[in-house]
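Please look through the sequence and the model below before reading on. The report is written for someone meeting this structure for the first time.

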Amino acid sequence: MLTVENTQKWLNNFYQKIEEHKDYLSELDTPIGDGDHGNNMMRGMVGVKESMARLQNPDLQALFKAIAMGLISKVGGASGPLYGTAFLEMAKKCTETQAAADLILVGLAGIKKRGGATEGDKTMVDVWSPVAHSSQLTTEVIAAAVAATKDMQAKKGRASYLGERSIGHLDPGAVSSGYLFTALIETEGI
Ligand code: ADP
Ligand code: MG
Ligand code: MG
């Protein structure tokens with residue numbers, strides 16, 4: 001069950017993982033992209049932290065919206081609107097359910113609608129989807145989903161311009177999404 005308190009903890013934990021792995025995320029984005037994913041996500045998480053700090057006694061919906069706006073307004077790259085859309089969709093549905101698994105499914109649908117990617121296109125969808133559909137979310141599920149993007153050929157985003165040469169590299173947005181869900185399962189009470 002997501003609450004205001006544990007969702008804030010989840011996002012603060014995600015912030016720390018992005019800060020820790022910022023350079024690695026940008027390195028992953030260098031051979032198959034433009035080398036900015038770590039910096040984009042770091043800017044986004046600073047934006048999230050600022051917009052969460054401005055809230056006064058928020059409910060879960062206001063919190064999800066603030067997270068989304070922080071990401072959409074600060075990331076700059078393709079990943080910002082996609083992560084942002086996921087949190088906006090979760091904001092809409094959290095009045096009906098606070099079950100993390102259900103909200104992740106709703107976020108996944110938002111990412112797919114916004115970016116037009118489907119499973120196997122070597123994007124963040126390839127982590128969001130197995131996570132959303134797993135009966136029990138574990139670090140193994142996350143790690144396997146992230147690793148599987150290596151052998152995929154990119155069909156969406158910058159990496160798709162490389163065609164077959166995109167094969168053999170992890171997708172940076174899949175790796176950052178892996179951090180998001182690792183941060184989630186590390187958060188007590190969810
Ligand atoms: P940009 O490509 O604009 O520099 P980033 O480097 O921040 O943006 O993000 C790249 C990541 O965004 C990719 O690794 C991929 O996971 C994700 N991505 C790009 N396009 C799409 C899309 N259409 N649908 C889903 N995810 C996408
Ligand atoms: Mg990039
Ligand atoms: Mg870019």
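## Basis of the description

This is a predicted model, in which local features need pLDDT of at least 70 and side-chain atom pairs count only at pLDDT 80 or more, while totals for chains, interfaces and linings use all residues. Residues are numbered from 1 along each chain as its sequence is written, and chains are lettered from A and ligands numbered from 1 in the order in which they are written.

## Helix H3 against helix H4

Helices here are DSSP runs (H or I, at least four residues), numbered from the N terminus. The axes of helix H3 (residues 60-74) and H4 cross at roughly 170° and come within 8 Å, which makes H3 roughly antiparallel to H4 (the term is used for angles over 145 degrees, on a scale from 0 to 180 degrees between N-to-C directions). H3 passes H4 in a left-handed crossing, meaning that the near helix is turned anticlockwise from the far one by less than a right angle.

Among the residues of H3 that meet H4 are Phe64, Ile67 and Leu71, and the H4 side includes Tyr83, Phe87 and Leu88; a contact requires C-beta atoms, placed from the backbone, within 7 Å. The residues of this contact comprise 11 nonpolar, 3 polar and 2 charged, where Ala, Val, Leu, Ile, Met, Phe, Trp, Tyr, Cys and Pro count as nonpolar, Asp, Glu, Lys and Arg as charged, and the others, Gly among them, as polar.

## Helix H4 against helix H5

Helix H4 (residues 79-93) also packs with helix H5 (residues 100-115), at an angle of about 135° and with the axes 8 Å apart. H4 is therefore oblique to H5, and H4 passes H5 in a right-handed crossing. By class, the contact of H4 with H5 has 10 nonpolar, 4 polar and 3 charged residues.

## Arg114

Arg114 lies in helix H5 and touches Pro81, Leu82 and Thr85, not counting residues up to four places away in sequence. Arg114 is partly exposed, because 17 other C-beta atoms lie within 10 Å (20 or more would count as buried, 12 or fewer as exposed).

## Around ligand 1

Ligand 1 is surrounded by 24 residues, of which the closest are Gly77, Gly115, Thr123, Gly157 and Gly173; a residue belongs here if its C-beta atom lies within 6 Å. Helix H2 (37-53), H4, H5 and helix H8 (172-186) are the elements that give two or more residues to this shell, and the largest share, 3 residues, comes from H8. The shell divides into 8 nonpolar, 10 polar and 6 charged residues.

Key
Angles under 35 degrees count as roughly parallel, over 145 as roughly antiparallel, 65 to 115 as roughly perpendicular and the rest as oblique. Two residues are in contact if their C-beta atoms, placed from the backbone, lie within 7 Å.
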